[in-house]
Amino acid sequence: MASSKTGKADGSKKVAVACQGGGMHAAFAIGVLKAILERLDKGDPGFKLAGLSGTSAGALCALMAWYGLAPKKAGPGTPREAIEKLETFWQDFVAKTEAENLLNILTFGAFRAEEIEVPVLGLSARVLGINPYRTGYKAFAACLPSLGVRKEYFDLTELLAETCPDLKSDTIKWAEVHTRLLIGASEVVDGLETVFDSAINKGGEGSNTSYWRQQLPLSLEGVAASGTLPALREAQRIGKGYYWDGLYSQNPPVREFIAGSDPEDIPDELWIVRINPQQWPYVPSSNKDIEDRQNELMGNLSLNKELDFILKVNEWQQKYEDFGRAHKQVTIRTIKMEEKVADELSYSSKFDRSRERMTELCAHGHKVALRWLDDWQNNKAGEYPKDAAYRAL
């Protein structure tokens with residue numbers, strides 16, 4: 001096994017970028033991925049993009065970048081196409097029409113009201129009866145197009161099919177795909193951690209199920225499953241399984257980049273686009289802060305466990321000769337929001353699908369990533385776990 005950290009003879013490193021989920025806060029990842037793709041587009045960035053992964057809204061970001069890079073019958077994928085796909089998808093995902101803006105205000109407002117100590121006209125997501133299985137909810141959704149709400153706004157499957165037609169029609173040139181994509185979701189009935197893996201589509205090993213994990217082929221239905229919040233969308237059915245958001249299993253998947261892979265295929269570095277801050281500035285005491293912090297801790301739990309295990313494998317690789325010959329060192333790095341920006345967000349703002357929210361966080365992600373990439377190229381970027389923190393423990 002080659003133990004070199006370089007991905008090619010020219011010294012560029014193989015990098016996998018993993019995008020956490022976090023509702024509209026994942027707009028930060030749009031800007032980060034855009035900066036990374038711009039460096040690839042300019043040529044000789046010192047790295048090649050060997051993998052992408054994502055969960056929930058992070059899965060949408062990872063898919064669009066991957067899809068733009070993937071060779072298709074219509075032509076080869078490029079970083080520029082990936083950037084355009086990212087921007088086009090999210091422009092369609094946010095509220096565009098007057099009716100959509102009003103619906104967003106009502107939905108975001110309902111979650112925002114739950115954070116306020118004093119009830120505001122009894123408005124809350126629970127009081128409004130948001131439940132995708134109820135007849136009233138389905139009837140309301142059915143009449144939305146007549147009110148001026150695009151089907152793509154409330155039907156994620158429809159939007160994905162329109163945005164990624166080659167994946168739907170299976171006209172991807174899988175033999176020429178060099179970037180692996182992992183999408184995280186949670187099977188509801190049997191509780192299986194599920195990863196939809198493009199390596200299976202490419203012709204690698206078939207679907208694999210092992211207590212309590214499974215790997216399935218990449219599909220648009222799998223990406224929709226990754227973004228299925230049970231409060232807003234019925235469980236996504238795929239085959240015999242029913243799926244929810246990947247927050248409950250892997251956020252985002254990273255283990256599959258390492259486990260069961262040929263050492264030559266393992267990335268040299270994992271770059272984690274962290275949406276949920278690891279640290280909090282004070283002890284949460286209000287309803288708003290408690291709910292926000294609970295959600296962040298849940299969002300980080302699975303990721304931290306997987307990253308800590310990779311660090312342990314790195315330790316064993318150095319300590320044990322036989323183990324070291326069969327494995328390689330993997331450097332983990334974090335790209336995160338500035339602390340002030342992270343502190344100003346809340347659980348409810350994850351449901352704010354306004355263009356303003358997306359634009360603001362996308363611009364912030366782009367700025368942070370450009371600065372981070374400069375540091376990385378000058379060997380000044382930090383490493384996990386220290387770089388996940390805002391302050392030293």
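User: Which residues is Val-17 in contact with, leaving aside its neighbours within four places in sequence?
Analyst: With contact meaning heavy atoms within 4.5 Å, Val-17 touches Leu-33, Ile-36, Leu-49, Gly-51, Leu-52, Ser-53, Trp-271 and Val-273. This is a predicted model, in which local features need pLDDT of at least 70 and side-chain atom pairs count only at pLDDT 80 or more, while totals for chains, interfaces and linings use all residues. Residues are numbered from 1 along each chain as its sequence is written, and side-chain values use heavy atoms, with hydrogens and water left out.

User: Which residues touch the most other members of the largest nonpolar core?
Analyst: That core has 74 residues, and Val-17, Leu-63, Trp-66, Trp-90, Leu-160 and Leu-167 touch the most other members. A nonpolar core here is a set of buried Ala, Val, Leu, Ile, Met, Phe, Trp, Tyr and Cys residues joined through side-chain atoms within 4.5 Å, where buried means under 20% relative accessible area, exposed over 50% and partly exposed in between (1.4 Å probe, protein chains only).

User: And what is in the second core?
Analyst: The second, separate core has 17 residues, including Ala-18, Val-195, Ile-266 and Ile-310.

User: Switching to cysteines, how many disulfides are there?
Analyst: Taking a disulfide as a pair of cysteine sulfur atoms within 2.5 Å, the count is zero. For Cys-61, the nearest cysteine sulfur belongs to Cys-19 and lies 5.9 Å away.

User: Is Cys-61 buried or exposed?
Analyst: Cys-61 is buried, because its relative accessible area is 0%, whereas Cys-143, at 30%, is partly exposed.
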